[in-house]
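Please look over the sequence and the model shown here before reading on.

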Amino acid sequence: MKLLTIDNGGDGAAGVLLECGEILHLARAALPGTAEPWLPAGLKEILCGGAQGLDIVRRMAARAAAQDGAGRQRLRESGALLPGSTPLLAPIPKPGLVLAAGLAYRSHLAEMAGTPPPPHPTGFIKSPHSVTGPHANVAVPPAAPHHIDYEGELAVVFGRRCHAVTADEALDHVAGYTVANDISARDWVRDVWSAETPWDARRTWEVNIMGKQYPGFTPLGPVLLTADEVPDAGRLRIITRLNGRLMQDAPVSDMLFSIAETIAHFSRWYAFEPGDVLLTGTPAGVGAGRMPPVFMADGDVIEVAIEGIGALRNVIRANTGERSAA
């Protein structure tokens, strides 16, 4: 099931992308006299309801998919069935926590000056205010306009509270997966590589992480593919294109640590709640790892795609509005 958040000009409305390509607006499709009108309006809140809420959504999606031509037309006329081109927000527009794994892929470590593999997963927090959706324009930060990089990633969205779990238990807490782009202003990354003392390394790394916090620097979407449709996330493939040019192409199985191991490690400290997001790292091909480096600028189109989930497309803009052309 492909869950999404419709851009309604406010906080968004939960929906489902049907196999026919149309979008079911859950609140408008709810049948009176059933539990359906009691579904929360937002996808994050539906996840908080656990398996029962998702079961209701599945029944609603199955009922809409089973409609004949006349039934679908009635749904369209009521506004319950929308075209696939309907503007979307990030699947979870306002996650409580966004945690990003770093140094996660073997190929990425190799391209970043032969960085040695860490002994355990590493990560950093990204501001929830950096989250944006598919087709949203991403503003060039006036203070750091020259070294804007992309990082195509698979993102985990939690569906249950997840704290102090084992790797064997970790995936039971995952609601599903979406596409992410950990956009980064790399203005400070050279300082990290040239640091000569532990203090300089710590200080410069902290500033480098600040370059990932700008508004719009965490695009997510277009949909949340539920975990029951992803029996092995390692078989998914991340493909990133900049202005149509292939930049990244790697399987998730290139990760040093599995997604389950990564979740278990971070859950020692973090209590993930439904709707929280874990970015799982990026493979080789980032702009800073190329010779010469390749960075993004005004007008560039960056697209990250994962088969089964879809393509996350954004445009870099020096003077940004909210949305790029589809």
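## A buried charged pair

Asp 182 is buried, and Lys 126 is buried as well, where buried means under 20% relative accessible area, exposed means over 50%, and partly exposed lies in between (1.4 Å probe, protein chains only). These two residues form a salt bridge whose closest N and O atoms are 2.7 Å apart, a salt bridge being a side-chain nitrogen of Lys or Arg within 4 Å of a carboxyl oxygen of Asp or Glu. The pair links distant parts of the chain, 56 residues apart, with Asp 182 in the loop between strand S12 (174–181) and strand S13 (184–185), and Lys 126 in strand S7 (residues 122–126). Helices (H or I, at least four residues) and strands (E, at least two) are DSSP runs, numbered from the N terminus.

This is a predicted model, in which local features need pLDDT of at least 70 and side-chain atom pairs count only at pLDDT 80 or more, while totals for chains, interfaces and linings use all residues. Residues are numbered from 1 along each chain as its sequence is written, and side-chain values use heavy atoms, with hydrogens and water left out.

## Other salt bridges

The structure holds 12 salt bridges. Another of them joins Arg 161 to Glu 273, with the closest N and O atoms 2.9 Å apart. This pair, too, links distant parts of the chain, 112 residues apart: Arg 161 is in the loop between strand S11 (152–158) and helix H6 (167–170), and Glu 273 is in the loop between helix H9 (259–266) and strand S17 (277–279). Glu 273 is partly exposed, with a relative accessible area of 33%. Salt bridges that share partners also join Lys 126, Asp 149, Glu 151, Asp 182, Arg 186 and Lys 212 into one network.

Because they are 3 residues apart in helix H3 (residues 51–65), Arg 58 and Asp 55 are separated by about one helical turn. Arg 58 counts as partly exposed at 30% relative accessibility, and Asp 55 counts as partly exposed at 36%.

## Nonpolar cores

The largest nonpolar core has 38 residues, and those with the most contacts inside it are Leu 154, Val 156, Tyr 177, Val 252, Ile 259, Ile 263 and Ile 309. A nonpolar core is a set of buried Ala, Val, Leu, Ile, Met, Phe, Trp, Tyr and Cys residues joined through side-chain atoms within 4.5 Å. Two or more residues of this core come from each of strand S1 (2–6), strand S6 (98–102), S11, S12, strand S14 (218–226), H9 and strand S18 (301–306), and H9 gives the most, with 4 residues.

Leaving aside its neighbours within four places in sequence, Ile 259 is in contact (heavy atoms within 4.5 Å) with Leu 154, Val 156, Leu 171, Tyr 177, Ala 233, Val 252 and Thr 280.

## Strand S14 and its partners

Strand S14 is mostly covered, with 9 of its 9 residues buried. Two strands pair if DSSP finds at least two bridges between them. S14 pairs with S1 in the antiparallel sense over 2 bridges, and Leu 3 has Leu 224 as its bridge partner in S14.

S12 and S14 also pair in the antiparallel sense, over 4 bridges, with Val 179 opposite Gly 221 in S14. By contrast, strand S8 (residues 131–132) runs parallel to S14 and is joined to it by 2 bridges, Val 131 standing opposite Thr 218.

In H3 the buried residues are Gly 53, Leu 54, Ile 56, Val 57, Met 60, Ala 61 and Ala 64. Seen down the axis of H3, they fall within an arc of 155°, so they line one face of the helix; the arc is that of the directions from the helix axis to the C-beta atoms. On the other side of H3, Ala 51, Gln 52 and Arg 59 are exposed.

The buried residues of H4 are Gly 71, Arg 72 and Leu 75. Seen down the axis of H4, these fall within an arc of 100°, so they line one face of the helix. What covers them includes H3 and strand S4 (81–82). H4 is followed by Gly 79, whose phi is positive, near 85°.
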